[in-house]
Amino acid sequence: MFYRNSKKEKLLNELSFYKQEIKDLSYYKKTVEQQRVNDKRCKEHQKHILEGTNHIVIDQLDITNVTAIYIYKLDCPAEQWIFDLGFSLQYESFATLIGKLEFGLIIENQAKIEKVCVAKKYRNQGIATYMMKKAIAWGEVQRFSELTLFASTAIEKIENELNQSELINFYHSLGFENKFPKSNNMVYKYLPIK
């Protein structure tokens, strides 16, 4: 009787261990699949935006509580555990946040882009364009009818920052339109899916 109970207990422990292993493997399988989907999202723009540098793109567009894209420059080799840190990576000494795009409100088939910013040292290298195109492609996959944003910058141009008219032109080049004439509220309208 004692032998059967201990053997049963041992088998239950093994079963529990293997269930956890399967759960862990399915998490990594899901992560790899999500990365494949993310890589396909932005077909028009190169995947490697900062050639010759050690950087990573954390795509959290499919995460419900934080819908965003973060780009970090790393002072160490990129490894899987670094990707698992996600947004928390900004608090690590070996990572520098160089670009981010964050969504705000997402209701039904509409989404609002709240923040788009790139660190001064990395501006005018295609990072904002990369993130915006990736967000637009994601919105198409989500079957949104529109993306909205409020285009706002400093009144006077500081260093390599875009002034207001340059910022409006940047968004126009991506397909955004002013909601009203001379308005900073902008909208990207998707074509209806038939």
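Modeller: Start with accessibility: a residue is buried under 20% relative accessible area, exposed over 50%, and partly exposed in between (1.4 Å probe, protein chains only). Glu114, at 47% relative accessibility, counts as partly exposed. Keep in mind that this is a predicted model: local features need pLDDT of at least 70, side-chain atom pairs count only at pLDDT 80 or more, and totals for chains, interfaces and linings use all residues. Residues are numbered from 1 along each chain as its sequence is written, and side-chain values use heavy atoms, with hydrogens and water left out.

Biologist: What is the mean pLDDT of the protein chain?

Modeller: pLDDT is the predictor's confidence in each residue, from 0 to 100. Here the chain has a mean of 80, and 77% of its residues reach 70 or more. Over residues 42-48 the pLDDT is below 50, though this stretch has 12 contacts in the model beyond near neighbours in sequence; contact means heavy atoms within 4.5 Å.

Biologist: In what order do the seven strands of the open sheet come?

Modeller: The general idea is that strands of a sheet pair through backbone hydrogen bonds, either parallel or antiparallel. Two strands are called paired if DSSP finds at least two bridges between them. In this model the order is S1-S2-S3-S4-S5-S7-S6, with mixed pairing. Strand S1 (55-59) and S6 are the edge strands, each pairing on one side only.

Biologist: How many salt bridges does the rule count?

Modeller: Side chains of opposite charge can pair when their charged atoms come close. The rule asks for a side-chain nitrogen of Lys or Arg within 4 Å of a carboxyl oxygen of Asp or Glu, and the count comes to four. One of them is Lys115 with Glu102, whose closest N and O atoms are 3.8 Å apart. This pair links distant parts of the chain, with Lys115 in strand S4 and Glu102 in strand S3, 13 residues apart. Lys115 is partly exposed at 42%, while Glu102 counts as buried at 15%. Another is Lys73 with Asp75, at 3.6 Å between the closest N and O atoms; Lys73 is partly exposed at 26% and Asp75 is exposed at 53%.

Biologist: Is Leu174 buried or exposed?

Modeller: Buried, because its relative accessible area is 13%. Leu174 sits in the loop between helix H4 (164-173) and strand S6 (177-178). Leaving aside neighbours within four places in sequence, its contacts include Thr129, Met132 and Tyr188. Met132 is 42 residues away in sequence and 7.9 Å away in space, C-alpha to C-alpha.

Definitions and conventions:
Helices (H or I, at least four residues) and strands (E, at least two) are DSSP runs, numbered from the N terminus.
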